[in-house]
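Trainee: I am new to this structure. Could you show me how to read its strands, helices and cavities?

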Amino acid sequence: MAEHFDIVIIGAGPAGLGAAHNAAKNGVSHILIEKGEIGNTIYDYQLRKHVMAEPTKLPLRGGVEFDAGSREEILERWNKAVKEGNVNVRKGEVTKIQKAEAGFTIEASGASLTAKQVVLAIGVQGSPRKLGVPGDDLPHVAYTLADPDAFQGMDILVVGAGDAAIENALALCEKNKVSILNRSGEFPRAKEANASKILDAIKSGKVTCYYNSAVAKVEPEKVVITTPEGDVELKCNHIIARLGCILPRKFLESAGISFPSPDPNAVPVVDKRYECNVKGMYILGALIGYPLIKHAINQGFEVIEHILGREVEPADQVLVEEKLRVLPGEVNANLEMIRSKLPLFADLSDPQFRELIIDSTVHIKKPGDIIFERNDYTDSFWSIVSGTVAIDAGEKQIKINAGNFFGEMGLLSGRRRTATIRAAEECILLESPRKQILKLINSVVSVKKALDEVFMVRAMQTAIFPDADPAFLMELAKRCKMKNFKKGEVLFKQGDIGDVVYVIRKGSVKISRRNKAGADVAQTYIPAGNLVGEMAVLQQADQARSATVTAVVPTETILIEKQDFLGLLEQNPETKKRISLLASQRTVENITDETSEYTGRLLDFMMAEGVTDADNFLLIDSDLCIGCDNCEKACAATHSGYSRLDRKGGKTFASVQIPVSCRHCENPLCMLDCPPDALTRMPNGEVIIRDSCIGCGNCTRNCPYGVIQLVHDDEHGFNLLEWLGLKKKSSDGGGAAKAAKCDMCSHLNSGPACVRSCPTGAAIRANPRDMLRIVGGKQGVRA
């Protein structure tokens with residue numbers, strides 16, 4: 001006969017322990033089933049690992065203690081809590097959960113159990129995600145790290161950008177040569193403390209980081225990785241891949257649990273009581289996208305309170321109240337109101353939505369208030385809870401109503417804001433930080449899909465369909481695919497039959513054509529937020545590509561298949577008529593526009609020097625330059641004796657010289673690993689270094705153009721002989737060494753001293769749009 005319990009709790013991790021301890025305290029008939037060890041989440045950590053207790057502001061509920069400490073200390077406390085709390089725990093593996101008329105039947109290691117309610121807290125640590133490349137099954141490839149002290153004097157590659165990968169790399173780097181491979185350009189999923197520690201290790205040289213990279217193949221004693229600069233071969237004795245785990249979806253679905261989408265990263269949706277679609281079954285912790293230990297313990301405590309019919313406020317209520325206090329009315333009513341108004345977040349679980357609110361800021365804007373301006377360098381994401389905002393789009397305004405969002409162009413492309421947005425009426429807005437939205441993009445399929453679709457719709461409205469029906473564009477967007485290209489990779493070649501149009505989501509591309517001699521000549525470049533390849537797609541018959549398109553930097557694109565595009569055009573006769581006229585006009589432009597080989601080579605030179613990613617770069621016309629070096633002297637005179645530019649050290653093509661001087665990149669790599677956040681971007685786009693610089697030198701290593709140097713604070717100020725070049729400035733002056741580079745003379749109202757001091761007008765400051773004018777290219781050339 002089956003044993004019966006009021007509550008069966010599956011999984012003795014932090015969530016399961018919190019639930020079982022509270023059930024025991026309240027005298028509830030229960031059993032806690034665990035196939036591994038008590039606190040298995042912590043038990044599987046590396047030996048002696050320090051475990052952080054985040055979020056620090058979140059109070060802890062129940063009788064399961066948890067403070068920051070070592071793995072061993074925490075396990076000791078938890079085993080003590082189980083023993084002293086009279087928790088009924090049993091070792092076994094649950095293989096089946098079935099809904100019955102009066103509750104559930106559970107099969108666990110050959111035993112049959114029945115229960116009124118089931119609490120699932122099994123986590124996602126069972127099946128690690130593999131590398132998925134040739135060689136990922138070799139014996140030196142591992143997916144966990146038990147004891148860091150077992151490794152010494154080895155070349156180790158850690159793959160991943162989450163907390164587990166960071167902690168493994170940090171534990172190994174003292175006695176080994178450690179590299180960490182990050183698929184993105186930052187560590188958005190890591191705890192702040194871990195992110196800070198890994199950046200410190202990277203800056204000190206203890207850990208080498210390969211950003212925006214991926215493993216290509218694994219071989220004995222080496223690994224090949226794909227980086228933005230091409231494939232790199234690393235000596236490697238051991239690989240630890242921390243890529244997360246595969247959700248036990250088949251097991252969950254067999255219990256009747258439904259998922260919001262077929263995407264493997266999707267998690268079950270629960271209500272505010274943690275109850276899923278199966279009545280009487282509750283899901284906690286990492287299974288619903290909440291891997292933090294403190295959150296999980298609180299959820300375990302709260303779910304028993306809910307089952308017992310008690311009203312209980314979530315532990316994070318105090319944090320939600322703090323965020324929503326700007327709104328009149330009751331906090332919980334306002335929370336529900338915000339959720340009901342924002343369909344983008346409809347698939348978030350209740351805990352995920354609360355986390356979003358806690359990390360965001362609520363604004364109340366008056367009519368006419370500017371939210372952000374065109375060309376601003378901000379990257380937060382905005383949702384409209386109530387009211388309307390207006391996008392200034394040239395001579396007309398585009399209204400965005402409540403329930404929609406904006407700011408996705410800057411978020412996804414990493415470039416300046418493309419338009420000014422202001423409040424059209426009084427409105428309530430939710431501003432969410434980039435890191436939080438990136439986390440949701442990675443974990444909630446519907447959020448990523450909606451952002452991609454709206455990004456593409458607005459990109460097409462800007463680039464080619466300003467008057468098209470938004471519903472038509474959204475239908476088009478839903479049929480699209482994503483594709484990424486490495487630096488130098490060809491999207492398509494001149495002469496290929498065109499069957500796809502590309503929307504540039506992030507990065508930039510070069511358009512080139514073969515001249516009469518057969519040489520490939522650069523024509524222009526196209527930045528993020530634009531289309532390429534539309535010419536061949538706009539023709540009814542098969543059309544050969546009129547140019548070659550190549551990624552200048554790592555580039556993300558959205559693909560529209562030709563047949564989808566044409567099929568939707570047939571449903572919109574007026575749009576079809578206008579697009580056909582546009583195609584005819586651009587065909588004429590492509591026939592009449594021809595860039596010379598000289599100009600094309602000059603354009604290639606400037607793109608190779610990073611000009612397409614620059615916001616403002618220094619250019620010198622060698623035909624006008626007389627070699628007086630006034631530019632360097634003026635720079636030194638306005639920066640305590642140190643010049644931030646090197647004229648002679650720059651590269652030259654014909655009469656165009658690009659000195660060694662900061663480009664103020666739109667995607668500045670120097671800012672990635674600055675521990676004190678001393679590097680910052682000003683409203684006009686210039687990247688400057690604040691006084692908080694600690695001289696770590698990380699930015700000097702990350703800058704691909706070698707324009708940042710470490711200099712010592714000057715104790716003596718300006719020296720006339722040094723300025724005239726009659727006395728050499730000492731490189732080891734007084735004070736600590738700090739990073740220095742061009743700051744566009746932002747402290748001077750008169751502008752950059754290098755330009756003002758040039759007696760012949762040879763020195764100019766320029767941006768990519770000026771580059772096209774300088775080299776004689778034209779924006780009308782399309783592919």
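Mentor: We will take one feature at a time. Keep in mind that this is a predicted model.

Trainee: Let us begin with strands. How do strands of a sheet pair?

Mentor: Strands of a sheet pair through backbone hydrogen bonds, in either a parallel or an antiparallel way. Take strand β28, residues 500–506, as the case here. It is joined by 6 bridges to strand β33 (residues 555–561), and the two run antiparallel. β28 also pairs with strand β31 (residues 531–532), again in the antiparallel sense, over 2 bridges.

Trainee: Which residues stand opposite Y502 in β33 and in β31?

Mentor: In β33, Y502 faces L559. In β31, its bridge partner is V532.

Trainee: Is β28 largely enclosed or open to the outside?

Mentor: Count the buried residues, where buried means under 20% relative accessible area. In β28, 6 of the 7 residues are buried, so the strand is largely enclosed by the rest of the structure.

Trainee: What is the order of strands in the open sheet of 4 strands?

Mentor: The order is β35-β36-β34-β41, with antiparallel pairing. β35 (646–653) and β41 (763–766) are the edge strands, each pairing on one side only. From one strand to the next, the twist averages 40 degrees. Within this sheet, strand β34 (residues 617–621) pairs with β41 over 4 bridges.

Trainee: Now helices. Which way do residues three or four places apart point?

Mentor: An α-helix has 3.6 residues a turn, so residues at that spacing point the same way. Now look at helix α10, residues 350–359. This helix is mostly covered, with 9 of its 10 residues buried. Among the buried ones are F353, L356 and I357, and also D350, R354 and E355.

Trainee: What covers the buried residues of α10?

Mentor: The cover includes the helices α7 (293–307), α8 (317–324), α9 (331–341) and α12 (434–443), together with the strand β25 (427–432).

Trainee: How many cavities of 30 Å³ or more does a search of the whole structure find?

Mentor: The search finds 6. The largest cavity holds about 130 Å³ of space. Its lining has 14 residues, and those nearest its centre are Y274, Q299, E302, P314 and D316. α7 and α10 are the elements that give two or more residues to this lining. The largest share, 4 residues, comes from α7.

Trainee: How do the lining residues of the largest cavity divide into nonpolar, polar and charged?

Mentor: There are 6 nonpolar, 3 polar and 5 charged residues.

Definitions and conventions. Residues are numbered from 1 along each chain as its sequence is written. This is a predicted model: local features need pLDDT of at least 70, side-chain atom pairs count only at pLDDT 80 or more; totals for chains, interfaces and linings use all residues. Side-chain values use heavy atoms; hydrogens and water are left out. Buried means under 20% relative accessible area, exposed over 50%, partly exposed in between (1.4 Å probe, protein chains only). Two strands pair if DSSP finds at least two bridges between them. Axes are lines fitted to C-alpha atoms, for helices over the stretch in contact, and angles run from 0 to 180 degrees between N-to-C directions. Contact means heavy atoms within 4.5 Å. On a 1 Å grid over the protein atoms alone, a cavity is a set of points where a 1.4 Å probe fits but cannot get out, and a pocket is an open set with protein on both sides within 12 Å along at least five of seven lines; lining residues have an atom within 4 Å of a point. Grid points are joined across faces, edges and corners, and a volume is the space filled by probe spheres set on the points. Ala, Val, Leu, Ile, Met, Phe, Trp, Tyr, Cys and Pro count as nonpolar, Asp, Glu, Lys and Arg as charged, and the others, Gly among them, as polar.
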